[in-house]
Amino acid sequence: MRKNLVISLTALLLMTFITSYLNMAVVDVVSLLFLSVVVYTVHYNTKEIKVLKGNWQLLIGAAFIWLVADGAWLVYESLGFFMSEDNLYLSLLYAIPNVLLLISSLWYFYFSKDKWSKRQLTIEFTAVTLIIGIIVYALFLVEFDIRYMSLNTLVNMFYLITDVVILVLVMTMIISSRYIKVKLAIRHLYYAFIVYVIADFIYLWQRINDAFTSNALSDALFLFAFFTIAIASHHASKEPNEYFDYKDKLPLNYGRSKILWLALVAPIILLVTGSIEIIHFSMILLVLVIYQVTSHYVQLLMMTEVMYDKEHEMTLKLEEEIKERTRELLISKEALEKRAITDSLTGLFNRDYFNQELLDRIERQDVFTVAYLDLDKFKIINDLHGHHMGDRVLIHIAKLFGNHLSIDYEICRIGGDEFALIIPGDSAKVMTGVSQLIKELLDKTIVIGKYSFQVEASLGFARYPKDAGTASDLVKSADIAMYHAKNEASDVNHVFYTSRLVEGLERRNHIEMLLSKADFENDFELYYQPQFDAKSEKITGMEALIRWNHIEEGFISPGEFIPIAEETGLILQIHDFVYKAAIKQLSRWHQLYNDSLVMCINLPPMILNSDQFYNDLEGCLNLYRMKPERIEFEITEHSAMNTSIMMAETFKKLKDLGISIAIDDFGTGYSSLSYLKRFDVETLKIAKELIFNIEEDEDVRLIVKAIIMMADGLKLSTIAEGVETKEQLIILKSLGCDIIQGYYLGRPLDSETFENMFLKS
Ligand code: C2E
Ligand code: CA
């Protein structure tokens, strides 16, 4: 700041010196050079300026025209023309910068207008106008006589008016920018404008009082004004984006103005030098006093307004904060609510949600269907690969459902491997479609890491309000239907609830209860059904078939209780009893009759997982000195295809023991031939369902023929099951079947009867 002042004062002194004491022509040339530098500097700095760029171009224009006018002056003088201050053209040329500066100050004024309180601005503008008006009147107009008006005086009047307006605007702006620091650039412009106006006043005063000499103080001041504009442009280029540090909402003219009292300095000097009368000075004082009083009230008003605004703003802010807090609370509440109804593993809805949704829909009297879905044999995945892998399979399946089932369905996971869907409407067609889609989705092998899984599902549908009237009954009904779907041997993976199912379920539960109480050694007995060589009709062996004669219930078919035992896991104990009893029996018959007899034993697929089984089996074979090749395990085609167990591996374990394997019920399931080779089986048991129809149905005959031919090709032996008639026997013989089993040649019999009928003779 101080440095700036020193530079400016030095420049001013230098200019005064040059303009006052040097040779005219030199002075003119120097001032031309000086103005050129100013024009260039401002032009150069303007490139960096971003705010009010046009205004700076106006200022360049003003300096440039001054330069041109000075040039013209020099030419006039050097050509030796009579030089008159009254040269009209030159006067007009010098008037143009006045106009440009006026526009420029107006522009700034307009630019800042929204930042002032209008009321305060008005009184300040009035006070400034009055004070300047009084001074200008006292200086220039007291003795002005309109009758002696010439064209030149008119131009002088024009100068005067533009100067007064510029001064009023600049002074008002200075006073109105109170509580903030005006940027250096703007401040320098204010100085420049004031210096310019003062220079003009001095010039005019000298002209009016005929005291004018060219290149005197006023000329120095003009040059100094342009110099200050150059300095301002320099600052503007350094602070190119903002003119005010205007951050608050307060009006710029808020607060008391201290500088207005400075307005007294000029009148006092003028009074002392005798340029104005005491009356004018008193008028100025009066204006200042009136200004102070009005300003006081306006400021009070403004303060109230500002305080009101601030309060209002704070209220708004508070409201905004409250809104924000409420929003946050809502979001966390939503998140909590979502957690409460989401299954953490799969992201599907959970059981709570499912139950609530049922209640809601029943209350609304919606028509809808509940689908209960249970994955078949999912337990095996958990047991074999651990729960972690089981979880990943569940997540995979949940994703499949989420991505492919309609968004109108609510998909919930309600237990380990149990899912439930809530489906709008009760159309059987829609439900069959859903079941079909789920079957297709699960048909694709699930690959996780190096493991691949094949999962099936059973679905039970129950409709509201057709099948049940309450949520719990609805769930029970869907569950019953699902159970039936699970046990249905057919390809369909879903069952619709009917009241008939309940009876079935009750029976099933009853058997399950009986099974859990059964004492296998005493309650169960093995029956044996003979098998015969097709050509010689000599006995080759027998199939062990379990019988359960319950003391109270009477005979319970294995077809009924074996599936239940498989589901509940009791099959492992049952099987343990079966194979041990069968091997013991066979070993006795070997000793007594014929040691080439082969015992066929049905093998439930899940037992293949148990290492215990292989050890026990080996122990048992050793105990009875049984040749392992006399034992044949039967595995149904369906289970052989359906377990995710590594069949080849487990089959190999049996192979290593020397035991042979038969595929049971061949021809009813997938009949895929590839696994026959892979699993290294010895025997195919042709399903009795085929044999039953072999007489009447040409196609069936062809199928059986094909099976036998294929078995021949693969070097497998064939057993025909369920041969009930002579005709069937003849056909099978003709087709080249190896072994015959069926009621026609022998029913399953208890060991004693069997022995008497088939072995003793
Ligand atoms: P399976 O393995 O297909 O057994 C053959 C079934 O066909 C036996 O029924 C047998 O009595 C019957 N059968 C044999 N010849 C004829 C015939 O000429 N006509 C008709 N209509 N049927 C005939 P069973 O004994 O009721 O056994 C049913 C199923 O129970 C068996 O089907 C088998 O899957 C299972 N099972 C029976 N005993 C055992 C066992 O000890 N362990 C295991 N795991 N499952 C067994
Ligand atoms: Ca069998």
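Colleague: Are Glu543 and Glu634 buried or exposed?
Modeller: Both Glu543 and Glu634 are buried. Please keep in mind that this is a predicted model.

Colleague: Which protein donors does the calcium ion (ligand 2) have?
Modeller: They are Glu543 through OE, Asn602 through OD1, Glu634 through OE and Asp664 through OD. These donors lie 2.1 to 2.4 Å from the ion.

Colleague: What spacing do the donors follow along the chain?
Modeller: The spacing is E-x58-N-x31-E-x29-D. Glu543 belongs to strand 9 (residues 539-550) and Glu634 to strand 12 (residues 631-636), so this pair ties together parts that are 91 residues apart in sequence.

Colleague: Which residues are linked with Glu543 and Glu634 in a network of salt bridges?
Modeller: Lys685 and Glu721 are linked with them in that network.

Colleague: Turning to the nonpolar cores, which residues of the largest one touch the most other members?
Modeller: That core has 96 residues, and those with the most contacts to other members are Trp56, Leu101, Leu189, Phe193, Phe201, Phe226 and Ile229. Among the elements that give two or more residues to this core are helix 2 (24-46), helix 3 (53-78), helix 7 (184-208) and helix 10 (278-341).

Colleague: Which helix provides the largest share?
Modeller: Helix 7 does, with 14 residues.

Colleague: What is Phe201 in contact with, leaving aside neighbours within four places in sequence?
Modeller: Phe201 is in contact with Val136, Phe140, Leu160, Asp163, Val164 and Leu167.

Colleague: Which residues does the second core include?
Modeller: The second core is separate and has 78 residues, including Ala544, Trp589, Ile708 and Ala711.

Colleague: Where does Asp28 lie?
Modeller: Asp28 lies in helix 2. The residue is buried, with a relative accessible area of 6%. From C-alpha to C-alpha, Asp28 and Trp73 are 8.5 Å apart in space, while 45 residues separate them in sequence.

Colleague: How many disulfides are there?
Modeller: The count comes to 0 disulfides. As for individual cysteines, Cys600 is buried at a relative accessible area of 1%, and Cys737 is buried at 4%.

Colleague: How many salt bridges does a search of the whole structure find?
Modeller: The search finds 25 salt bridges. One of the pairs is Arg413 with Asp343, whose side chains meet at 3.1 Å, N to O. Arg413 lies in strand 2 (residues 410-415) and Asp343 in the loop between helix 10 and helix 11 (351-364), so the pair ties together parts 70 residues apart in sequence.

Colleague: Why do Arg413 and Asp343 count as buried?
Modeller: The cut-off for buried is under 20% relative accessible area. Arg413 is buried because its relative accessible area is 13%, and Asp343 counts as buried because its value is 11%.

Colleague: Which side chain meets Glu537 in a salt bridge?
Modeller: Lys733 meets Glu537, at 2.7 Å, N to O. The pair links distant parts of the chain, 196 residues apart: Glu537 is in the loop between strand 8 (524-533) and strand 9, and Lys733 is in helix 26 (residues 726-735). Glu537 counts as partly exposed at 38% relative accessibility, and Lys733 likewise counts as partly exposed at 34%.

Colleague: What separates Asp656 and Lys652?
Modeller: Asp656 and Lys652 are separated by about one helical turn, because they are 4 residues apart in helix 22 (residues 647-657). Their side chains meet in a salt bridge at 3.4 Å, N to O. Asp656 counts as exposed, at 58% relative accessibility.

How values were computed: Residues are numbered from 1 along each chain as its sequence is written. Chains are lettered from A and ligands numbered from 1 in the order in which they are written. This is a predicted model: local features need pLDDT of at least 70, side-chain atom pairs count only at pLDDT 80 or more; totals for chains, interfaces and linings use all residues. Side-chain values use heavy atoms; hydrogens and water are left out. Donors are N, O and S atoms within 2.8 Å of the metal (3.2 Å for Na, K and Ca); water is not among the atoms, so sites may look incomplete. Buried means under 20% relative accessible area, exposed over 50%, partly exposed in between (1.4 Å probe, protein chains only). A nonpolar core is a set of buried Ala, Val, Leu, Ile, Met, Phe, Trp, Tyr and Cys residues joined through side-chain atoms within 4.5 Å. Contact means heavy atoms within 4.5 Å. A disulfide is a pair of cysteine sulfur atoms within 2.5 Å. A salt bridge is a side-chain nitrogen of Lys or Arg within 4 Å of a carboxyl oxygen of Asp or Glu.
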